[in-house]
Amino acid sequence: MLTKFETKTARVKGLSFHPKRPWVLASLHSGVVQLWDFRMCTLLDKFDEHDGPVRGIDFHVQQPLFVSGGDDYKIKVWNYKQKRCLFTLLGHLDYIRTTFFHHEYPWILSCSDDQTIRIWNWQSRSCVSVLTGHNHYVMCANFHPTEDLVVSASLDQTVRVWDIAGLRKKNVSPGASVAMDPHRASAGSVDLFGTADAVVKHVLEGHDRGVNWVAFHPTLPLIISAADDRMVKIWRMNESKAWEVDTCRGHYNNVCCALFHPMLETIITCSEDKSIRIWDMNKRTCLQTFRRDHDRFWVVTAHPTLNIFAAGHDGGLVVFKLERERPAFAVSHGDNQLYYVKDKYIRMLDFATNRDNPALQIRASKYNPFSLSYNASERACLIVTRIASNLDNSIYELYHLPREIDSSNQPDSTDGKRSAGIAAVWVARNRFAVLDKSNTIQIKNLKNEIMKKITVPNVTDIFYAGTGMLLLKELDQVTLYDVQQRRPLAAVKMAKVKYAIWSTDMSYLALFSKNMITIVNKKMEIMCQVNESIRVKSGIWDESGVFIYTTSNHIKYTLINGDHGIIRTLDLPVYLTKIKGNSVFCLDREQRPRILTIDPTEFKFKLALVNRRYDEVLHMVRTCKLVGQSIISYLQKKGYPEVALHFVKDNRTRFALAIESGNLEIALDAAKQLEEKACWEKLAEIGLLQGNHQIVEMAYQRTKNYEKLNFLYLITGNIEKLQKMMKIAEIRKDSSGHYLSALILGDVKERVKVLKNSNQKSLAYLTAVTHGLEEEAEFIKNTMFAEGEKLPEPHPAAMWLQPPPPIQLQEQNWPLLSVASGFFDKAPVGSLGMGTGHTMGAAAVGGSELLAGAEEVEGGAWGEDADLVLDDDFGTSGDARGDEEDARQGRKGRESEGPGWDVDDDIDLADIDLPAGAELEAAGDGEGYYVAPTKAPSVAQSWSNNSQLAVDHVLAGAFESAMRLMSDQLGIADFTAYKTHFMSTYQRSRMMLPTTHGVPANYTYPLRNWRDPIGGKTPSLPAVGVTLDQVKAILVAAKQSTTGGKFDEAIERFRDGLLWIPMLNVDRRQEVEEAQKLIEICREYLIGLTMEAKRKALPKEGLEDMKRSCEMAAYFSHCKLDVNHQILTLQTALNLSFKLKNKKMAASFAKRLLDLGPRPELATKTRKILMACEQDMTDAHQLDYDQFNPFDICPATFKPIYKGRPVSKCGLCGAGYSPQMKGQLCKLDKCAAIDVDATGLKIMNSSR
């Protein structure tokens, strides 16, 4: 059984697959109905309106409906799109067991413990018939898939077949009025001629106890029933009678459910004996049995179209397949042909002609072939058949295909050479390698004779790797192995690899497991990794070097640099065989060749961009329809926002991209369209950085930011516009701005005027007196000061400070470098409906037009609302239109030129004699264009590009990629504990060197490979602050705290040391092994110390508390600690067990303690206790402790997990947990998830 999806919920009593979508409905004993997506492994919705358990559930075939029936006597019809119950059908008087829709008519069939079966019309929401006859609970009732029949099972030990043809005629036939009149459609109604709606056709008796389930065969006149007598019976029927065919015996508890396999001649049953059994329908023998340890199975159902099943048990549901559906195939690139196995034949498909012919008939097998390897030079095939339940019984077969394949004749059958082997692949023209069950690789010739043997421990599979090479799959890595030299060449860490696919030129290799794809080069160095949320099914390399792969839902791609995306969606999974242009050749699960059409534009565009083939990029921009936020975000991320401008028509997005790329013209055009204050402010900020005063002026004017306008005119020395701004401030009655403008301009009279209007008489008087305005001072004295009021005295040393005049008016924009146009500057932005706006000259004119005439305005618009009156085009309309008109006039003039000028007369260059060797200089080459150098990536960015170590990414500041690496390598799920480690590491990555005053500081980056030449082959890598010796020092301090009994302090130090280990960088394999040993030390101490702290916190009142305390002390003694700490743990366990009168256990602790050589006084005391225990070697109390059976201690429950039981491991510390803890955070390190796919600790670069 291949488990595809599993849930942990309350007991599942009913199941139903959606006919088209990857959904399964589960009705629970808790009263909830759950809707799951079994392909994405997510809960889509919950429906909770029933009171009590829900036992019946079923999807409608066509409508977005499902029906449920529960112990609250109610049948509810739901709409899953509207996520609500549409209506409730009432009528049953006891628990409802099953509910099913009819495949064609608007009927619902239900059965109940009230001993009745009811048929409801869900359109009229009424009961159209009641079937009575059973004299006990009716446990199940089912419609026939094609005929007007119903079958029911009851605890009265009978199975009844009902004929409902009369009901169909009355309710469905044209002109029938019964369906419209619910009173006439009463239960068991009889028409005028005495025909009942439903009659019993057959009564099947044979079970000794109550029958729990019954079902029809999809196509044959067969019935299957399951009962409490632990038997499954098969019945056959015809028009006149029904009889028992055979019985399947094997279950040893009540059989709850049984069904016929929709496609094969097998039967599937489930029982309360915690097993699912598969039976051969012809031989009536059990083929396979799948068991669970603690959960009874209650229901099993089949998908209407796919080869998958679902079973409900006490702890949830499981969706499974009985066997692999992946076809066995191989592609011969030289011949452009596909070889695959289908229906006992090796078939050949020619990709060029699409002609599919059988090539050879092979031996029949009840198991599907696992893989096929093809040797084009010898036309030989290796077919491997693996038996999942027992790999040791796997076999391979060697077949030689005929040279000529005649499509008109049936191919001959041949007996291939068969031998035992788990895997078989070709390693040379006339040699192939076989992996046998004893972990030995056998090199064989075409006669199947052994030529060489190679012992490779821990190898579970082998893959093709070219001539004389093999890929060896081990537990946590894949190794490239040289068969001739018998030595490994390179290895890559990756666990649970399923398939390996080489590119056509053998330069790259794609390794993929259940949910991960890893691309490596020939040296097994990781180029990129892609994680998927659902299963990866197949993959193939495109001729351009892009890896195309399929999941259950999509065809996807990934580039070698890690950029990936979706090409198209799939209804059903397919297995890729070849890609050519926009056509993908593949096989489906029925081994049928198919050709799918894809759009390769997106990945070809990204590939061209990555490879800097900008001509191809522009060609695709002009000719292809590249749309979508994914392309835009990708271009932004890769630093090509100017390219992204070609795909965008939304003004807001265009504005953001133009700002990012520094294209002020497009940004100005978008800002005019948006007319938002935030856009103008951002535009002004970027324009100021680029020194474009005209755009900055326009933006400040549009946002009416007078303070910044004042400052802009000040720094550009525009006295005229400053005077206009002063007038505007006066009109706006902005006293502060008015005074500031007057102060900047040195206009004393305006300052006095502002102070007078603000009633600042003292300041006004002092300003007038200090600057020699005697008449103005006298006027202020007479009008604003009362008679006899004391006047302020001016300072005797006061001076008139006049602002210095600007040396030069700076209204022009900053000069820019003349650079050669790049590829993307030539692209037709405007042709895509995105104009570039007005020219900068127009913007400059517009800026000056705004303030024109401000001096003449006294009232009117300025005085009424104290605001600016802004033209729609901000003053650009007149001049810009004028410029355009001039340009048009110029063009007209040129078009209507007279014959006066002779510049159009062509010169015949052939008549000109040039000196030998003379060449004309290309136009523009002598202009002296300066091409601005591209900005080099930062040092920190190169660190993250050059390394796959998490610590290098942290030092580079790329925390997100560091987290992703640690999640992939160690299963880290919660990085809260790593915050301080990340920050302290990042602070060590750079040094700041102070410079002169007012100049930013320089940064320097310490490197660990500083001896290597700069710009050489070895990329720069950062110096790592924490070393292996420092981690050892942390653990030494933690052990000292342990010796002193400071357990809480010791736990924190051990955890801190454990968290630092993935942040190391080492140079040698020995150091990697040493780091792994340090992880084991941290794990053992953390388990023991946390358990001891928990033990000390336990109450010590009752016997059970004392027993639990003794158990935990005994477990602690098995932690692998230093000898001095081991003595302390054994001493504690010895004392507690002796006090509990478990003398046999105490004696074992005493012997172990004496073996460690304790100090003399402790040894004397221990021998005395041992002598006392040996007088009565018995245990007074039974404890959950077996010293002779190796065990792991679960840090969550502090209970032993003995050898042989399932255990889930933490990816970081390796602590063992019970399987129920899967997916939760480790209790020791508090950051890693339990039992997730992880590649393992990586603290050394593969290049070493």
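**View 1. Phe 66 has Trp 78 in strand 8 as its bridge partner.** The model is predicted, local features need pLDDT of at least 70, side-chain atom pairs count only at pLDDT 80 or more, and totals for chains, interfaces and linings use all residues. Residues are numbered from 1 along each chain as its sequence is written, and side-chain values use heavy atoms, without hydrogens and water. Strand 7 (residues 65–70) and strand 8 (residues 74–79) run antiparallel and are joined by five bridges. Strands are DSSP runs of E, at least two residues, and helices are runs of H or I, at least four residues, numbered from the N terminus.

**View 2. Four strands form an open sheet in the order 6-7-8-9, with antiparallel pairing.** Strand 6 (54–59) and strand 9 (84–90) are the edge strands, each pairing on one side only; two strands pair if DSSP finds at least two bridges between them.

**View 3. The largest cavity holds about 50 Å³ of space.** A cavity is a set of points, on a 1 Å grid over the protein atoms alone, where a 1.4 Å probe fits but cannot get out; lining residues have an atom within 4 Å of a point. Volume is the space filled by probe spheres set on the points, which are joined across faces, edges and corners. Among the lining residues are Lys 493, Gln 948 and Thr 1239. Strand 48 (526–531) and helix 21 (959–970) each give two or more residues to this lining.

**View 4. The second largest cavity has a volume of about 40 Å³.** Helix 29 gives the most to its lining, with four residues.

Conventions. 1 Å grid on protein atoms, 1.4 Å probe; cavity = no way out; pocket = protein on both sides within 12 Å on 5 of 7 lines; lining within 4 Å.
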